[in-house]
Amino acid sequence: MKGKIPVQQGQVYEIEINTLGTSGEGVGRYEDFTVFVPYALPGEKAKVRITEVKKTYAMGKLLELVRKSSDRVEPVCPIYKECGGCQLQHLSYEAQLKAKRQQVIDAVTRIGKQPDLFVEPTLGAATPWNYRNKMQFPIGREKGKTVIGCFAQGSHNIIDTTDCHIQKEGNNEVVNAVREIVTRLNIPVYNEDKHTGVLRHVVGRVGSNGDIMVVIVTASKTLPREKEFVKMLRARLPKVVSVHQNIQTYRNNVIMGRDTRLIWGRPTIQDSLGRLNFHISPRSFFQVNTAQAEVLYNKAMEFANLKGEETVIDAYCGTGTITLFLAQKAREVIGIEIVKPAIQDANKNARDNNVRNAEFIVGDATQVMPRLYKQGVRPDVVVVDPPRAGCTETVLKTFADMQPVRIVYVSCNPATLARDIAVLDELGYKAVKVQPVDMFPNTSHVENVALLVKKD
C-alpha cells in the first residue's frame with residue numbers, strides 16, 4: 001500500500017473481518033489496510049485496539065464484537081485465550097473444516113498458481129477432542145511453583161495446564177504426575193534466559209493399547225534423583241512402560257537433543273494403523289492423531305493406485321508408516337529418512353509386520369535421491385511427506401528425472417505444498433487434486449495429500 005498508514009498504535013477502530021489467516025486469526029481491512037485480529041471470525045464486525053503497526057499490515061486486539069458470526073461457539077477449554085496450543089476452539093467444527101479447505105484453495109491459487117486445481121472438502125475427525133497421542137510441554141517456574149504446559153501465544157510464558165482438551169488423557173496424567181514429582185523432589189527446572197537449571201521439557205506418548213512413554217528433556221547430562229523420580233512416576237502411573245532422558249544442552253528452542261538414554265522399561269511403545277503395528281522410540285516421527293492418520297494414509301494409497309507390480313519410493317518415511325502401508329500393494333518400496341533411530345524402528349516394524357518388500361535407507365533425501373537415480377532406480381510412484389519446509393529443488397528435480405507415473409505429496413503446510421506443486425508443474429507434473437485431512441482439530445493446521453501425474 002502506498003501513502004499514509006490509516007491506523008495508529010493504541011487507537012481503536014471498527015473493522016470488518018473477511019477471512020481467516022494461516023494461524024487462525026481474523027483478517028480484516030481498515031481503509032484498504034490489512035489488520036490481523038486473533039479470535040475474530042469472518043463475517044464479524046469488531047472493535048479492535050491496534051497493538052502493532054508495520055508497513056503493510058497491523059496487529060490488533062479484539063475488544064468487542066459489534067456483530068457476531070453464526071459460526072462462533074464457546075471454547076471448551078478455560079485457558080483457551082491464554083494458551084497458544086489451539087487457535088480455533090471459538091469456531092464450530094463444521095466451519096473449521098470449511099476454513100481449512102479455503103486455506104488450501106488460497107495457497108494453491110496464490111502461491112501454486114493453480115486456480116483450477118480441485119480441492120476436495122476436508123475430511124473431518126470423528127471427534128475433535130482428546131486425539132493427540134504425543135505431548136511435549138515446557139517446564140518452568142512461576143511465583144515459586146513448577147508449571148508445565150503450552151507457551152502463551154506469541155511468547156515463552158508457560159501456561160500451567162492440568163487438562164488439555166486435545167491431548168489423550170494419558171498425556172494429561174503424565175503432566176500432572178511430573179509436576180507433582182518435580183515439586184516434591186525439588187529438581188531444578190530450566191531457566192532459558194539464564195541457561196541454568198535441569199528440566200526443560202516433558203514429552204509423553206500414548207500407544208494404542210494405553211501404554212505410556214515418558215521422556216524427560218534435560219539441560220544436563222544427568223537427571224538428579226533419577227531413581228526416586230522413576231519410582232514415584234511408576235507408582236503414580238501404572239501404565240508407564242518406558243522412561244527416557246533426552247539431553248539438550250544447547251541454548252536454543254529445539255525441544256529434543258541428539259542423545260537419548262533409556263532410564264527404565266522398554267525402549268519403544270507400540271501403536272497401530274489398520275492391520276499394521278509400529279514401534280515408536282522417543283525421537284521417531286509418528287502422526288499425533290492415529291485415527292486421522294489412517295484416513296490420510298488410505299487416501300495416499302488410493303492416489304498411488306498400486307496394482308502390485310510397482311516400485312515405490314517413500315521419501316521422508318519416518319518410522320515407515322506410509323512405506324508399510326504402500327508395501328501391502330506394491331512390488332517394492334524404498335523408504336528414506338534422515339533420523340537413524342526412526343529407520344531402526346522402521347526395520348523392526350517391517351520385521352514385526354512380516355513385510356519383506358520394503359527397504360529403508362538412512363540419509364538426507366536431498367543426497368539419497370540423486371544417488372538412487374545414478375544407480376538406475378526408476379520408481380513407478382513417488383510418495384513424499386516432507387517437513388513443514390517442504391522439499392528442496394534438488395529433490396523435486398530428481399523426482400522428475402526419475403519419471404514416475406504419479407507423485408503423491410503429503411504435506412502439513414499448504415504454502416510449501418503449493419510452492420512445490422508449482423515447481424513440479426514446470427518439471428512436467430500436473431497436480432490433479434488435493435485432499436485436506438483434519439489431523440489437528442481446533443488448531444489452524446491442516447494436513448493434505450495431493451496427486452500429481454506425468455503430463456505426457
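Leaving aside neighbours within four places in sequence, which residues is Asn172 in contact with? The points below answer this and cover some other local features of what is a predicted model.

1. Contacts of Asn172. With neighbours within four places in sequence left aside, Asn172 is in contact with Thr162, Asp163, Cys164 and Gln167. Asn172 belongs to helix H2. Its relative accessibility is 1%, so Asn172 counts as buried, the cut-off being under 20%.

2. The Asp163 partner. One of the contacts of Asn172 is also a polar one: the side chains of Asn172 and Asp163 are joined at 3.4 Å. Asp163 sits in the loop that runs between strand E9 (158–160) and helix H2 (169–185).

3. Surroundings of Asp163. Asp163 has a relative accessibility of 36% and so counts as partly exposed, since that value falls between the limits of 20% and 50%. Apart from neighbours within four places in sequence, Asp163 is in contact with Glu169 and Asn172. Pro78 is 85 residues away from Asp163 along the chain, and the C-alpha atoms of the two are separated by 9.6 Å.

4. Backbone at Arg225. Arg225 is not a glycine, yet has a positive phi of about 55°. The residue lies in the loop between strand E11 (212–218) and helix H3 (226–236). Arg225 counts as partly exposed because its relative accessibility is 39%.

5. Backbone at Gln403. A positive phi also occurs at Gln403, a residue other than glycine, where the value is near 55°. Gln403 is placed in the loop between helix H8 (393–402) and strand E20 (406–411). Its relative accessible area is 52%, which means that Gln403 is exposed, the limit for that class being over 50%.

6. How many cavities of 30 Å³ or more does the count give? The count comes to one cavity. The largest cavity holds about 50 Å³ of space.

7. Lining of the cavity. The residues that line the largest cavity are Phe285, Tyr297, Asp314, Tyr316, Cys317, Gly318, Thr321, Ile322 and Asp385. By class, five of the lining residues are nonpolar, two are polar and two are charged.

Definitions and conventions. Residues are numbered from 1 along each chain as its sequence is written. This is a predicted model: local features need pLDDT of at least 70, side-chain atom pairs count only at pLDDT 80 or more; totals for chains, interfaces and linings use all residues. Side-chain values use heavy atoms; hydrogens and water are left out. On a 1 Å grid over the protein atoms alone, a cavity is a set of points where a 1.4 Å probe fits but cannot get out, and a pocket is an open set with protein on both sides within 12 Å along at least five of seven lines; lining residues have an atom within 4 Å of a point. Grid points are joined across faces, edges and corners, and a volume is the space filled by probe spheres set on the points. Ala, Val, Leu, Ile, Met, Phe, Trp, Tyr, Cys and Pro count as nonpolar, Asp, Glu, Lys and Arg as charged, and the others, Gly among them, as polar. Helices (H or I, at least four residues) and strands (E, at least two) are DSSP runs, numbered from the N terminus. Buried means under 20% relative accessible area, exposed over 50%, partly exposed in between (1.4 Å probe, protein chains only). Contact means heavy atoms within 4.5 Å. A polar contact is a pair of N or O atoms within 3.5 Å; within protein, one must be able to donate a hydrogen and the other to accept it, and residues adjacent in sequence count only if both atoms are side-chain atoms.
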